Each structure stands twice: as structure tokens, then as C-alpha cells.
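Hi,

Here is the structure I promised to pass on.

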Amino acid sequence: MKIAFVGKGGSGKTTLSALFIRHLAAAGRPVLAVDADINQHLGPALGLTDDQSAALPSLGAHLPGIKEYLRGGNPLIRSAEEMIKTTPPGRGSRLLRIVEKNPVYAACARPIALDEGSVRLLATGAFTEEDLGVACYHSKVGAVELLLNHLVDGRDEYVVTDMTAGSDSFASGLFTRFDLTFLVAEPTRKGISVYRQYRDYAQDFGVRLRVVGNKVQSQDDLDFLRREVGEDLLTAFGHSDWVRRLEQGAQPPLRALEAANRAVLDELRTAADAAYDLRDPRRYTEQAVHFHLRNAESWANAKVGIDLATQVDPDFVLGDEPAAAGAAV
Ligand SMILES: Nc1ncnc2c1ncn2[C@@H]1O[C@H](COP(=O)(O)OP(=O)(O)O)[C@@H](O)[C@H]1O
Ligand SMILES: [Mg+2]
């Protein structure tokens with residue numbers, strides 16, 4: 001399963017991503033956590049110290065090596081230099097699985113031991129002023145797009161991505177790479193406006209989007225969300241003293257989370273699991289190709305100096321078979 005958390009800054013994306021990740025890990029599910037937000041906070045939210053978090057390797061810095069590995073023996077991609085963030089896999093490409101050892105994880109993923117279970121974390125790396133609004137910013141997020149386009153994931157294993165919301169997400173195809181996107185929204189007009197914008201983009205690409213209310217304090221809050229979001233509202237996480245204690249530097253165990261909020265995490269998992277049966281590998285691959293061709297025409301052909309449409313392997317479909325038997329943990 002490929003799951004994203006998006007929403008306005010401060011809505012609780014990182015908080016809910018981290019809790020969902022811990023909830024899955026506690027159930028023994030393999031989880032790859034991905035921090036793709038402009039503000040890199042997922043590491044600390046999963047219990048890393050600021051120093052440990054700052055020392056995380058960044059996907060952005062390892063992009064050339066990642067491309068070289070994924071390219072494998074694909075005859076349509078002549079070199080890593082000719083590979084851009086949207087270059088789709090084809091025959092001969094190396095695919096990633098959630099549970100395996102590979103040079104990409106060795107270089108970029110860091111294991112995190114949780115109070116219940118463990119996960120591996122990948123981070124895009126901090127964004128600098130210069131990154132924002134220009135191509136470099138997208139190349140950092142682009143590393144995630146590249147990985148997801150080469151990832152074969154089965155039922156009961158998860159990639160959970162803490163993303164940013166806003167127009168930057170739509171400059172690339174990243175927002176279409178998930179089985180389910182949770183849009184975290186506070187019960188306020190601003191929280192809802194981000195939902196509307198996201199929904200309108202998402203609709204054109206058949207992106208499955210569910211709203212998760214957050215910091216909901218009353219029936220009025222819930223009614224507000226229901227009225228504004230309608231059927232897209234999946235559930236709502238309450239204002240949480242447990243989260244507040246975490247924010248104050250305590251490390252409360254997951255089992256001490258309020259029962260109602262724990263139940264919300266269960267609802268998220270049920271929704272995520274239900275999305276598995278709706279996935280369409282052919283469409284997933286076609287969309288990867290769509291965004292690749294768009295990038296090729298708008299900037300990449302000129303930058304790389306070749307026609308990048310020639311990288312598309314028309315008969316290739318990214319499989320959705322479970323992780324290969326015998327893959328090392
Ligand atoms: N349900 C909640 N109850 C109490 N505080 C919350 C809750 N969700 C988020 N917060 C607090 O709100 C702030 C923003 O949350 P965060 O997850 O960092 O948002 P985002 O990642 O969307 O920017 C943090 O201080 C966090 O502790
Ligand atoms: Mg955040």
C-alpha cells in the first residue's frame with residue numbers, strides 16, 4: 001500500500017503520519033516511512049533526537065546513485081544522467097520491494113526502533129530557500145516519485161509518506177502515486193480550502209482522497225466538517241492530550257493514546273487496506289508515463305538533450321504481486 005498524508009502546514013500531517021506508522025508497526029506490518037514535507041519533522045515525530053534527525057541521509061543527495069541502481073539493465077535508459085525523476089521503469093529496470101535489502105535502502109533508509117515494532121525512514125532532505133519554487137525543490141520530491149514508480153508493494157506492507165499540500169505537489173506526478181491520500185484538515189475554513197484545491201486536482205487523475213479531521217473538539221466541529229466535506233470525510237481525530245504530552249518532550253507509549261483516537265488509526269488502516277483491491281497497475285503505469293511525457297516536453301528534453309519519450313517501454317506494467325519470495329529482510 002502506498003499512503004500519503006497531505007494538508008495545510010500545522011494541520012497535523014506529521015503527527016498523524018507518525019501515529020499511523022506506529023499503529024501499523026505495532027501490528028507487525030512492514031512500514032517504510034517517507035518524509036517528503038518541506039519541513040522535515042517525521043524523524044523527530046518517530047522519536048529521533050534532533051541530532052539523529054539532522055544526520056539522516058537525504059534522498060536528494062543520493063539521487064545519482066538511486067538512478068543508476070533503478071536503471072539496471074533497461075536498454076531504453078542509456079545512462080543515469082539521462083534519467084529524470086519521472087523516467088518510468090521498463091524491462092530490465094530494477095524494482096524495489098518494501099521488505100528487502102538493496103543499495104538504495106542501505107544508503108538512505110534508517111531503521112527506527114519504536115516502543116512497539118520498528119520502521120525504516122527515508123527523508124528527502126531539508127529544503128533550502130533556493131529550493132522553493134524552482135526545479136531543485138521538485139528534484140528532491142522527485143526522488144520519492146522515482147522510488148514509488150519503481151516500487152512493487154503487496155497487501156499488508158506499507159509506504160507512508162508525510163507530504164506537503166499546495167500547488168507544489170501538483171507540479172509533479174507525485175500526488176497520483178498513492179493508493180489512498182489522507183487529507184488532514186482542521187475544522188476551519190482554511191483547513192477546508194486546502195481540501196477543495198486538492199480535490200479538484202485529484203479528481204482529474206482519479207486520485208482516491210479521504211479527509212481526516214484533526215483537532216476536532218466538539219460536535220460542532222464535526223458537523224462543520226461533515227457539511228463542508230460531505231462523503232469525503234472518513235473520520236476525525238480529536239484534540240489529544242497524548243499528542244500534547246509528546247510535544248512537551250515526553251515519550252508516551254502508543255498504548256496510552258486515547259481509545260477514541262486509537263480507533264481512528266484503525267479506521268485509517270481499514271480504509272487503506274480497502275484501497276488495495278481498487279488498485280489498477282495498468283493505470284498506475286500509464287499515469288507515470290503521462291507525467292514523464294509532460295516533463296519531457298516542458299523542460300527535460302531540452303535539458304537532457306534527447307527525446308525522453310524514447311525511454312517509455314510501451315508493454316511494461318508495474319506489477320502488483322506481493323514481495324518476491326526469498327527477499328531478505
Ligand atoms: N490531535 C491533536 N491534538 C493536539 N495537538 C495536535 C494534534 N494534532 C497536531 N497537534 C499539534 O499541532 C501542531 C502541528 O502538527 P504537525 O503534525 O506538526 O502539523 P503539520 O505536519 O501538518 O505541519 C503540533 O504542535 C502538534 O503537536
Ligand atoms: Mg509536518
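**Inside the core**

Ile21 touches Val31, Ala33, Leu46, Val119 and Val160, leaving aside residues up to four places away in sequence. Bear in mind that this is a predicted model. Ile21 belongs to the largest nonpolar core, which has 71 residues, and is listed there among those with the most contacts, along with Ile3, Ala33, Leu121 and Leu183. Helix α1 gives the most to this core, with 7 residues. There is also a second, separate core of 6 residues, including Ile77, Met83, Ile84 and Ala300. As a rule, nonpolar side chains in soluble globular proteins tend to be buried together.

Next, the ligand. Ligand 1 is surrounded by 17 residues, and the closest are Gly12, Lys13, Thr14, Thr15 and Ser240. By type, the shell around ligand 1 splits into 11 polar, 4 charged and 2 nonpolar residues. At least two shell residues come from each of α1 (13–26), β9 (209–216) and α10 (241–247).

Then there's α8, with 16 residues (189–204); from first C-alpha to last, α8 reaches 24 Å, close to the expected 22 Å. Its buried residues are Gly191, Ile192, Val194, Tyr195, Tyr198 and Ala202. Looking down the axis of α8, these fall within an arc of 150 degrees, so they line one face of the helix. Their cover includes β1, β8, β9 and α9. On the face turned away from that buried side sit the exposed Arg189, Lys190, Arg196, Asp200, Gln203 and Asp204. After α8 comes Gly206, with a positive phi near 65 degrees.

Cheers

Key:
Residues are numbered from 1 along each chain as its sequence is written. Chains are lettered from A and ligands numbered from 1 in the order in which they are written. This is a predicted model: local features need pLDDT of at least 70, side-chain atom pairs count only at pLDDT 80 or more; totals for chains, interfaces and linings use all residues. A residue is near a molecule or strand if its C-beta atom, placed from the backbone, lies within 6 Å of it. Helices (H or I, at least four residues) and strands (E, at least two) are DSSP runs, numbered from the N terminus. Ala, Val, Leu, Ile, Met, Phe, Trp, Tyr, Cys and Pro count as nonpolar, Asp, Glu, Lys and Arg as charged, and the others, Gly among them, as polar. The expected span of a helix is 1.5 Å times one less than its number of residues. A residue is buried if 20 or more other C-beta atoms lie within 10 Å of its own, exposed if 12 or fewer, and partly exposed in between; C-beta atoms are placed from the backbone. The arc is that of the directions from the helix axis to the C-beta atoms. Two residues are in contact if their C-beta atoms, placed from the backbone, lie within 7 Å. A nonpolar core is a set of buried Ala, Val, Leu, Ile, Met, Phe, Trp, Tyr and Cys residues joined through C-beta atoms within 7 Å.
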